[in-house]
Amino acid sequence: MKKHNNLLSGIFILLVLLFVYAPIFSLVLFSFNANRSLTTWGGFSFEWYGELFRSREIMNAVVWTFIIAILATIISVIVGTFAAIGLSKNKKLFRNAVINLNNIPIVNPEIVTAIGLLLLFQSLKLQGGYGTMLLAHIAFCTPYVIITVYPKVKSLDPSLIEAAQDLGATPMRAIYYAVFPQIKVAIFAAAAIAFTMSFDDFVISYFTAGSTGTNISIYLYTLKRGIPPTINALSTIMILVVTIVVTLNFILTRKQYKEV
Amino acid sequence: MFHGPLQTSVREKRKVKVKPYTFLGIPYYILLSSLIIIPLLLIIFYAVTIQEQGLYYKFTLIYFRQFFNETEFVKVMADSIVLAVMTTLICLVIGYPLAYYITKRKPITQAILVLLITAPMWVNMLIRTVAWKQIFDMINPRLLGTDFAIIVGMVYVFLPFMVLPIYTVLSKIDPLLYEASADLGGSNLKTFRKVTLPLSISGVLSGITMVLLPAATTMVIPRYLGQNRVLIGTLIERKFYDSGNWGYGAAIAIILSLIIMVMVLFTKKLDRNKEVERDEKA
Amino acid sequence: MKKLIELRNVTKAFEENVVLKGIDLEIYENEFVTLLGPSGCGKTTTLRIIGGFVDPSSGEVLLNEKNILDIPAHKRPTNTVFQRYALFPHLDVFENVAFGLRMHSNKANIKIQIEKLKEDYQIRIDHAQDSTTKKKLKLELNKEIELIKDPNIHLKLKIDKLKNKIIALDKTNPEFETQKQKLQEQIKAIKNDFETPKVREKRLTDKVMKYLAMVNLQGYERRSVHKLSGGQQQRVAIARALINEPKVLLLDEPLAALDLKLRQEMQYELKEIQRNAGITFIYVTHDQEEALTMSDKIVVMNEGEIQQVGKPEDIYNEPINTFVAKFIGESNIIEGIMIDDYLVEFDGVKYPCVDYGFKRNEIVDIVLRPEDLDIVPEGTTPISGVVDSVAFKGVHYEIDVKTNTRIYTVHTTDYQPEGKKVCVSFEKEDLHVMEKW
């Protein structure tokens, strides 16, 4: 009976995986298509990859997406981590209030957050552009950092900071020596989440980039003449990078699954 | 060491005793108030005021009335919600068994499977939606624009958000509980109903929240898979960009937020085993 | 003995909850002081106030006559052994023990020292009467800063002098080579005394090894802490605290998580360490046996107040109230009447005793320790009853004798069967009279 179940569940999982990866295969496949069609195969070619790197528009969008994502990640991780540490030392009432407020941008539909920021920038007569986009990204990434790091900080043994101070570390050094090593993993996870959220973002970027700012998502959305296969090429490269990163990470952390 | 009267008076100057870690949170508090709270207040402000003769702001509900009067808009709102609910249900029907089956595997297999399910999330959502458009173009172009296409697209994009929380909660259930249930005479089905299901509810509710909201407000999927169909997200966008009618757009956003807030509160009330938010031990 | 720490009327309230109600305490150098009491009595809070982790709501805390309340925890000359050890999980045993030394040997410390020096000198310079004194002070300041920045500077000057001597040597002198060699060897010797990071690190390593040996953990340097047993972790925590040679070691129920045998061993070891190192220990526990075993002085606390302070024998033999009597050792507590000095009455019988100073006919509490009581044949004393229960405790039997009025707990090495009619006897010195609590 158990083997029966295993087979059925295995098939189910497989079907779902097929569903999940069908578009990915299609994307990758047609990035090597010799003709411009996205539906009929015309032979193998690297043509679109060349086009991709030649297209200044796309490259510009890609570069800016990275710049904003990296900056937003760094800033939101720093602000968020310090906030998480500071919060854990605060009084319960204040803590809960802040945590609830922090959850607002996470729970709110993106479009509401986006409009709010748009109104803010317009009211301050701030010109829409990469600056406002960066601010917006920091605004929506930081809450994710906090919900990732804060639970870990809360779970730490409070006497560790005291022990560090007892042994002569100033409060700041105590955090550096006693807290950071423990939450390193959570910080990395938070950075990964923040980066992904920023890199992938569309709605908020769209509303806060004004007329000058662009990123990959905005570029795609505002294409007038349909999607060229160069996008497939771009997607394939992104998929490749993601695969490499994920595989590397998995290999490095493989040990923890064997110890069970 | 010089011990004079001057020395002592300097020593006596008491520093205000401030807890050293309160400063850490300050950058965040600034961010919180300026970039999160104020924008929300601004939305409310714009939704309920109208500019009279250039400068004077008057309180008004005109935008709200306008919205409810235009049946087309109400229909758009209703459509968006219906589509979102259907997407959520389908995600649940696929996602729960998927998460459950994954937990039955070896730990290392579990890790690999979870990775496989979530890795696509790292690829830009627009790109993935466009990929589905390409597939529909290949298979049956007439499907584009139908509710079916939109739902397929939404399920595709949001499925991991349903699977992950459920998987997390299921995998945390102490395996000893299953043993205990068997020990007390519970069959597999009974164990599932009485032990697994109740304990996984918080994960399910989490997943529902994480799917319902974005599904109701997405702009991207209706555009590519719905042939530029106007759903609530697009509507708000139009009001802001095309007609510059911020008040109206803000009002729609608020109506949307309220509806969603109600749904979220509803699901939170159902979840009595919440972990992350409750600050029990000081 | 010199008074080291003093608490004057220290109170502490957490929100509504008053934890300390006015603590006055004196602790002397080289003392092993135990704060003893039940959970919630305030002993840990008192310890943490001394350590600087908690500020009192009011009152003074003095170290060597100086108020230390303004000094933050990391600057106080105290070290703490935490109840759950608080070892740094990401560091191995060596680094855990070395932590305090590393905190104090960094460049940051040099900066702090220089800042402080500048502050102190600035005051003196401002205070100076004329510009020549000011100049002199400024020169002095710079020299001191140089010294802090480069502790080898004197040695380097010496080497320069020797080098000059070599240059000044008379080359024609037949002894030239030997003289030169001698001077060069002197230079080499001085260089060996140089303070370099390598030398400092070696010194640190030696010190860590010494303290690891002191707690019997040689060979464990590179182990990770979560692989150690409770007892081993405890010893790492102790070494980590002691290596900083604090004036005062604060120990917060450090042996609570260990099993009985290990606890007894560690009690002995701790006492040895305290005696050899000559450090003041302030020890918190709820275990009265532990307190009696290790302490020079016991401070019995309850509900935020000090009940009694004294040597173990004094507290045991002469508890001042029922709480202390009940908390320390076992007791039979009987309410009675102090008829007159040296005479007390209970259960209708007057007994001569050795206590005095109470009011005539004052109602008092009387303590009779179970080990002071004897079980004697029926009819020999006024206290007669029946053996109610017998429990074998290894060292003795614990026998409850039930009389008309109460049950006496007796510790004796002689077995008595249940149900036997017996009498209870004691000496007049065993009767201890206390004020009614």
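**Close-up views of a predicted three-chain model**

View 1. Residues are numbered from 1 along each chain as its sequence is written, while chains are lettered from A and ligands numbered from 1 in the order in which they are written. Helices (H or I, at least four residues) and strands (E, at least two) are DSSP runs, numbered from the N terminus. Buried means 20 or more other C-beta atoms within 10 Å of the residue's own; exposed means 12 or fewer; partly exposed is in between, with C-beta atoms placed from the backbone. The buried residues of helix 4 include A:V98, A:N102 and A:P105. They cover an arc of only 45 degrees around the axis, so they sit on the same side of helix 4 of chain A. That arc is taken from the directions from the helix axis to the C-beta atoms. On the other side of this helix, A:K92, A:L93, A:A97 and A:N100 are exposed.

**View 2. Where chain A meets chain B.** In contact are 67 residues of chain A and 68 residues of chain B; contact requires C-beta atoms, placed from the backbone, within 7 Å. Helix 1 (residues 2-31) of chain A gives the largest share of the chain A side, 12 residues. By class, that side has 47 nonpolar, 14 polar and six charged residues. Ala, Val, Leu, Ile, Met, Phe, Trp, Tyr, Cys and Pro count as nonpolar, Asp, Glu, Lys and Arg as charged, and the others, Gly among them, as polar.

**View 3. The largest nonpolar core.** This core has 230 residues; A:I115, A:L117, A:A194, B:I43, B:F158, B:A253 and C:A239 touch the most other members. A nonpolar core is a set of buried Ala, Val, Leu, Ile, Met, Phe, Trp, Tyr and Cys residues joined through C-beta atoms within 7 Å. Helix 7 (residues 147-172) of chain B supplies the largest share, 16 residues. Not counting residues up to four places away in sequence, C:A239 touches C:V97, C:Y211, C:L212, C:M214, C:V215 and C:L217.

**View 4. Two domains of chain C.** The assignment gives domain 1 (1-77 + 246-329) and domain 2 (331-435), with bounds from an automatic or database domain assignment. Their C-alpha centres lie 33 Å apart. Eight residues from domain 1 and eight residues from domain 2 make the contact. The domain 1 side has three nonpolar, three polar and two charged residues.

**View 5. Loop residues of chain C.** C:E303 is in the loop between strand 9 (297-302) and strand 10 (305-310). C:E303 is not a glycine, yet its phi is positive, about 50 degrees. It counts as partly exposed, with 15 C-beta neighbours inside 10 Å. C:D347 lies in the loop between strand 12 (343-346) and strand 13 (349-352). Phi of C:D347 is also positive, near 50 degrees, in a residue other than glycine. C:D347 is partly exposed, with 14 other C-beta atoms within 10 Å. C:T196 lies in the loop between helix 6 (176-192) and helix 7 (197-214). C:T196 counts as exposed, because it has 10 C-beta neighbours inside 10 Å.

Key. This is a predicted model: local features need pLDDT of at least 70, side-chain atom pairs count only at pLDDT 80 or more; totals for chains, interfaces and linings use all residues. Two residues are in contact if their C-beta atoms, placed from the backbone, lie within 7 Å.
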